[in-house]
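Subject: Handing over the model

Hi there,

Here is the structure I promised to pass on. Please have it open while you read, and my notes follow below.

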Amino acid sequence: MAKMRKCFAACAAALLLFAGGTASAAIKDVTVTSFAGLRSAVADASAGDTLRVVFPSYATVLTVDGLPEIVIDKPLTIMYSDPGVPVFVKRPEDQGKGVFVVTASPVTLRGFRFVDSKKPGYAIDYNCCIRSTSDNLTLADCTFENWEGDVLDDDNRKTRDLDTTHAGAVTASSSSAGSRLLLDHCTFKGCSLRYRAQEDMFQAAWDHLGAAVSSRMGKTLVRNCSFIGNKATAGNSAGGGAATMTLKNCLLEGNSAGGYGGGVYVYGEFKMTGGQI
């Protein structure tokens, strides 16, 4: 009996120790009515939190409002908690602005719709919707519409690093061989990447460009996603630059590129199961 009591006490202590190590992470319902409000909620969150974003019925559209992107510099899950799909809208006057910059691992974004409402020919855009240097990024149940990227900076100088990636919607890059990008049940529609050739600028970077997604991660898994009507004036309309890329049950329709890979281009190992091209 004494041994059993000692064993129970040791197990209880171990359980308390384990629980104490995760006590700071929490699931939080956050009511958001503005882009700035979501920025504050992310800044106030603790590492490991899950933010279930609640939008009042009158505020299901959040405009970027010319503000810098929201930086996610801690492990977080940010998800939409109510029926319906909220919309992040970038207006014509918000040129050069994205929505999220992700630097931490792991990070998950789930259930959002991102729309670039820039009028055709209004201005050249310089930032994609989501830029990530995370080693572990998941985007699930998200939609990206009409996002446009450009490989030149706002002074038209060739200052971009050829080892980085550029895309209209999502750019993910990590030097870690174990890094991972997961796209699950996402839709990319009408995204584009503009490339203005001057001299031999960025010729070597063509395999890193993607109108919808560019990935330089150790592994890129894309499942149950749709790529529709994305266009790159050079490079690849769906993705490229990943060490390994796997597509499962994906739809690629009406994509085009001035360079290689109108549907998808991979510099490395590529696997595709199911789906339709």
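Two strands count as paired here if DSSP finds at least two bridges between them. The strands and helices themselves are DSSP runs, numbered from the N terminus, with at least four residues for helices (H or I) and at least two for strands (E). You are looking at a predicted model, in which local features need pLDDT of at least 70 and side-chain atom pairs count only at pLDDT 80 or more, while totals for chains, interfaces and linings use all residues. Residues are numbered from 1 along each chain as its sequence is written, and side-chain values use heavy atoms, with hydrogens and water left out.

**The nine-stranded sheet**

This open sheet pairs in parallel, in the order S1-S2-S5-S8-S11-S16-S21-S24-S27. Strand S1 (27-31) and strand S27 (269-273) are at the edges with a single partner strand each, so one side of each has no neighbour in the sheet. From one strand to the next, the twist averages 10°; angles run from 0 to 180 degrees between N-to-C directions, and axes are lines fitted to C-alpha atoms, for helices over the stretch in contact.

Strand S2 (residues 50-54) and strand S5 (residues 76-80) run parallel and are joined by four bridges. Leu51 has Ile78 as its bridge partner in S5. Helix H2 packs on this sheet, where it touches S1, S2 and S5, and its direction makes about 160° with that of S2. Contact means heavy atoms within 4.5 Å.

Further along, strand S16 (residues 180-184) has four of its five residues buried, so the rest of the structure largely encloses it. Buried stands for under 20% relative accessible area, exposed for over 50%, and partly exposed for what lies in between (1.4 Å probe, protein chains only). S16 pairs in the parallel sense with strand S11 (residues 136-140) over five bridges, and Leu137 has Leu181 as its bridge partner in S16. Five bridges also join S16 to strand S21 (residues 219-223), again running parallel; there, the partner of Leu183 is Val222.

**The five-stranded sheet**

A second open sheet has the order S4-S7-S10-S15-S20, with parallel pairing. Its edge strands, S4 (70-72) and S20 (213-216), each pair on one side only. Here too the twist averages 10° from strand to strand. Strand S15 (residues 170-173) and S20 are parallel and share four bridges, and Ala172 is partnered by Ser215 in S20. H2 (residues 35-44) packs on this sheet as well, touching S4 and strand S7 (100-102), and its direction makes about 20° with that of S4.

**Aromatics and core**

How many aromatic pairs does a search of the whole structure find? It finds ten. Rings of Phe, Tyr and Trp (its six-membered ring) pair if their centres lie within 6.5 Å; planes under 30 degrees apart count as stacked, over 60 as edge-to-face and the rest as tilted. Phe88 and Phe100 form an edge-to-face pair, because their ring centres are 6.0 Å apart and their planes are at 70°. Phe88 is in strand S6 (residues 87-90) and Phe100 in strand S7, so this pair ties together parts twelve residues apart in sequence. Both Phe88 and Phe100 are buried.

These two belong to one aromatic cluster, which also includes Phe35, Phe112, Phe114, Phe144, Phe188 and Phe227.

**Cysteines and Lys189**

The whole structure holds zero disulfides, a disulfide being a pair of cysteine sulfur atoms within 2.5 Å. For Cys142, the nearest cysteine sulfur is that of Cys186, 4.9 Å away. Cys142 is buried at 0% relative accessibility, and Cys129 is also buried, with a relative accessible area of 0%.

Lys189, in strand S17 (residues 187-189), is partly exposed at 46% relative accessible area. Leaving aside neighbours within four places in sequence, its contacts are Phe144, Glu145, Asn146, Ile228 and Asn230. Lys189 and Ile228 are 39 residues apart in sequence but 4.8 Å apart in space, C-alpha to C-alpha.
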